[in-house]
Amino acid sequence: NAGQPVAYPDFPIAAARAAVIVARISPGSYFPAFPECAKPDIVCLDPPPFWFKARLESRVFGDIESGTITVSTTSHYGLEALERAGTGPFLIALQTDGKQYRMPRYAMAELTSDRKGRLYVLILRKEPIHWLPCSVSELRREISPADFPDTITLDAGESAHFADRSPELFRKSAAGPVPRYAIAVADIGAHLKAMAPDAVQMACTKS
């Protein structure tokens, strides 16, 4: 299922299964623009939808094949945003009809490993993770900087974007702000397996 797709998958979300994976990603290419964007009285602010490849490292939730899959998605920032993304791994939410895979808009987060190799989502914003059930964000726990490598320290640009907006989520250090909270991927997996959300229930709609 890792070949180049020809069209953006349009299966209904009500019939889709939800899954969450840990994967490494590599950019693919753009699909044709949505048909409505070709209408003369319509201005589309997004680039066309696109696809990327995801090489699975682990299954967090859902029944999904191992190996490399092709994932389709949309974004205001386009495929170039994935090309500028970090090396990962990433936590990715998926919707699937059993044959095709679709990532809800922006439903991914780069993961950080502690010194024992356990994976975490660092909490950089006060808003819940919008592409997981709201209750997942309640799993956050305070972390010790000593348990993580120096890479969790924010640089100046990240500090201006995250720490200046939500200073209560960070500790100060000589090297820069350090996130105070994180959610373990293992805890996310256990929570989702107990909750068993479908694709509609996966998103957090809390304002």
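This is a predicted model: local features need pLDDT of at least 70, side-chain atom pairs count only at pLDDT 80 or more; totals for chains, interfaces and linings use all residues.
**Entry 1: a helix over a sheet**

I began with helix 3 (residues 185–195), which lies across strand 8 and strand 12 and runs at about 55 degrees to strand 12. Contact here means heavy atoms within 4.5 Å. For the angle, axes are lines fitted to C-alpha atoms, for helices over the stretch in contact, and angles run from 0 to 180 degrees between N-to-C directions. Helices (H or I, at least four residues) and strands (E, at least two) are DSSP runs, numbered from the N terminus.

Residues are numbered from 1 along each chain as its sequence is written, and side-chain values use heavy atoms, with hydrogens and water left out.

In what order do the four strands of the open sheet come? I read it as 7-8-12-9, with antiparallel pairing. Two strands pair if DSSP finds at least two bridges between them. Strand 7 and strand 9 (141–142) are the edge strands, each pairing on one side only.

Next I went through the pairs. Strand 8 and strand 12 (residues 181–184) are antiparallel and share three bridges. Here I found Leu122 opposite Ala182 in strand 12, while Val121 has Ile183 as its bridge partner. Strand 7 and strand 8 are also antiparallel, over two bridges, and Ser113 stands opposite Leu119 of strand 8.

**Entry 2: the turn at Gly117**

Strand 7 and strand 8 make a hairpin with five residues between them, and in its turn Gly117 has a positive phi of about 90 degrees. Is Gly117 buried, partly exposed or exposed? Gly117 counts as partly exposed because its relative accessibility is 47%. The cut-offs I used: buried is under 20% relative accessible area, exposed is over 50%, and partly exposed is in between (1.4 Å probe, protein chains only). I also checked Gly117 against Phe148: they are 31 residues apart along the chain, and their C-alpha atoms are separated by 9.5 Å.

**Entry 3: strand 3 and its partners**

I moved on to strand 3 (residues 68–73), where five of the six residues are buried. Strand 3 pairs with strand 2 in the antiparallel sense over six bridges, with Arg55 opposite Thr68. The hairpin of strand 2 and strand 3 has six residues between the strands, and Gly62 in that hairpin takes a positive phi near 95 degrees. Strand 3 also runs parallel to strand 5 (residues 101–102), joined by two bridges; there Val71 stands opposite Tyr101.

**Entry 4: Phe34**

Phe34 sits in the loop between strand 1 (17–30) and strand 2 (50–61). Its relative accessibility is 29%, so Phe34 counts as partly exposed. Which residues does Phe34 contact, leaving aside neighbours within four places in sequence? I noted Tyr8, Pro49 and Thr74. Phe34 and Tyr8 are 26 residues apart in sequence, yet 8.7 Å apart in space, C-alpha to C-alpha.

**Entry 5: the largest pocket**

I looked up the largest pocket, which holds about 1600 Å³ of space. Of its 44 lining residues, Met108, Ala109, Glu110, Arg125 and Phe162 are the closest to its centre. A pocket is found on a 1 Å grid over the protein atoms alone, as an open set of points where a 1.4 Å probe fits, with protein on both sides within 12 Å along at least five of seven lines; lining residues have an atom within 4 Å of a point. Grid points are joined across faces, edges and corners, and the volume is the space filled by probe spheres set on the points.

Among the elements that each supply at least two lining residues are helix 1 (79–83), strand 6 (108–110) and helix 2 (156–163). By class, the lining has 24 nonpolar, twelve polar and eight charged residues. Ala, Val, Leu, Ile, Met, Phe, Trp, Tyr, Cys and Pro count as nonpolar, Asp, Glu, Lys and Arg as charged, and the others, Gly among them, as polar.

In helix 2 I stopped at Ser159, which counts as buried because its relative accessibility is 12%. Not counting residues up to four places away in sequence, Ser159 touches Leu154, Asp164 and Pro177.
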